[in-house]
Amino acid sequence: MGVDAEIELSAAEARGVALGAQGMGRRRPGGRIAAGRLRRGIEDVGLLQLDSVNVLCRSHYLPLFSRLGPYPRGILDRLASHADSAAGSATRAGRDRSLFEYWGHEASLLPVELQPLLRWRMARAEKLTERPARLLAAEKPELLESVLRTVRERGPIRAAELATPVRKPGNPWYNWSEGKIALDYLFFAGRVCATHRVRFERRYDLPERVLPAAVLDAPTPPEDEAQRQLLMIASASLGVAAEPDLGDYFRLPRAESKARVAELVEAGALTPARVEGWSAPAYVTAGRLPKAAREARALLSPFDPLVWSRPRTERVFGFRHRIELYTPAAQRLHGYYVLPFLLGDSLVARIDVKSDRGAGVLRVLGAFAEPGADTRAVALELADELRLLAGWLELEHVSVARKGDLAGKLAKAVTAGRRSEH
């Protein structure tokens, strides 16, 4: 097999291809949105990153809203068996689940069919888990077996049900009990699974009581083949990508990502591409250049696959994106939970938002336009998208604070829209 001739893309073409691959630019469905549309949206992005921050809503819900508009979040809960339920019904639901939780791009919801492709990562738990878990596994293997027996006898369980001492490794983020650390290690190693979550807290059980039998019985591919398949999923989801973009999608070790990409090019599965303005070589799926998207409108979670890679976001969109969640308040440029705003084929603004559930208000704490943006047009489109978001979150109206160069026009557009509704 040979290598296909290199293709050339302008910066605008690459931007459109990247958007099209992510399912942006499609007409949002009207009326009732069924599970099949959610599955297609998940297929577009490959996986949904989980995050505990709930200042707006849980982040894994947002990528599908960005692509589909208001959809019933309960459908995604059912696909992932996340709905609050008794242990027995959660276990039964898990047998037919479409999504499972594991480390994909950080903690993620992934199609269950990908579980065999991630077993190489599970087998490397002793090397890849974080230091507290590695230390505990090395020092107290008997504790791991004890926790596993407890899960077998009592699962689904939550970490708080394990009566074990708190371990203090010197990092306040990991001031966890030994039972929680043990469960985290067993989860990474694939010896236990997250059967469901209640108020975002994991319930753990054995894989055979969580995953479909067909998934458990599927053969384990060799490491290199599994990594190549993950890279091809990443390529389909990115449209056009540099090697670091491809490897980062499922967090492959860099040396292995480089080797696998070279193998895929040699096999003719990836075609090299040259993109205007990119210093790094690019790649596209051979014979599958997605239709470019030019007319999209979406607010994006900071953990959306379209923008989660900061170098790629700057390279593709010229948009410098920094997540300031853990930055001290006085040092934040834009705010705590900031959503980029996509309009047309460009990222034209960003807003700092929160859900004030008690008051029933979607609060825009800051609104900032990108240089060169048509602020009047951006404000009108953004106001419409904010009203859509507020309705989806069951909030009664939108309030805009004065912070940011877009805030004044956005506040006027929101107010005008509210009047027109009456």
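This is a predicted model: local features need pLDDT of at least 70, side-chain atom pairs count only at pLDDT 80 or more; totals for chains, interfaces and linings use all residues.
1. You'll find Arg350 in strand β12, which covers residues 346-356.

2. What does Arg350 touch? Leaving aside residues up to four places away in sequence, its contacts are Phe319, Arg320, His321, His334, Val338, Leu339, Pro340, Phe341, Gly366, Ala367, Phe368 and Glu370. With Arg320 there is a polar detail to look at: a polar atom of the Arg350 side chain sits 2.9 Å from the backbone oxygen of Arg320.

3. Gly179 belongs to the buried part of helix α10, which gets its own point below.

4. Now step back to the whole chain. It has 17 helices and 14 strands. The radius of gyration is 22 Å, close to the 22 Å that the globule rule gives for 422 residues, so the chain is as compact as a globular protein of that length. Along the principal axes, the C-alpha atoms fill a box of roughly 65 × 60 × 45 Å.

5. How much of the chain is buried? The share is 54% of the 422 residues. The chain exposes about 18,900 Å², and carbon and sulfur atoms supply 50% of that area. As for contacts between residues at least 6 apart in sequence, 66% of them join residues at least 24 apart.

6. Nine of its 11 residues are buried, so the helix is largely enclosed by the rest of the structure. The buried ones are Glu178, Gly179, Ile181, Ala182, Leu183, Tyr185, Leu186, Phe187 and Phe188. Just after α10 comes Gly190, with a positive phi of about 80 degrees.

7. Helix α1, residues 11-21, is mostly covered, with eight of its 11 residues buried. Among them are Arg15, Val17 and Leu19. Just after α1, Gly23 takes a positive phi of about 80 degrees.

8. Which side chain does the Ser257 side chain meet in a polar contact? The partner is Glu243, at 2.6 Å. Not counting residues up to four places away in sequence, Ser257 touches Leu231, Glu243, Gly247 and Leu252.

9. Some backbone details to check by eye. Gly155 and Pro156 are joined by a cis peptide bond, with omega about 0 degrees. Pro156 sits in the loop between α9 (141-154) and α10.

10. Two residues have a positive phi without being glycine. Arg251 is at about 55 degrees, in the loop between α13 (243-249) and α14, and is partly exposed at 34% relative accessibility. Glu394 is at about 60 degrees, in the loop between α16 (375-392) and β14 (397-400), and counts as exposed at 67% relative accessibility.

Conventions:
Residues are numbered from 1 along each chain as its sequence is written. Side-chain values use heavy atoms; hydrogens and water are left out. Helices (H or I, at least four residues) and strands (E, at least two) are DSSP runs, numbered from the N terminus. The radius of gyration is taken over C-alpha atoms; the globule rule is 2.2 Å times the number of residues to the power 0.38. Buried means under 20% relative accessible area, exposed over 50%, partly exposed in between (1.4 Å probe, protein chains only). Contact means heavy atoms within 4.5 Å. Accessible areas come from the Shrake-Rupley method with a 1.4 Å probe; for residues, only the protein chains shown count as cover. A polar contact is a pair of N or O atoms within 3.5 Å; within protein, one must be able to donate a hydrogen and the other to accept it, and residues adjacent in sequence count only if both atoms are side-chain atoms.
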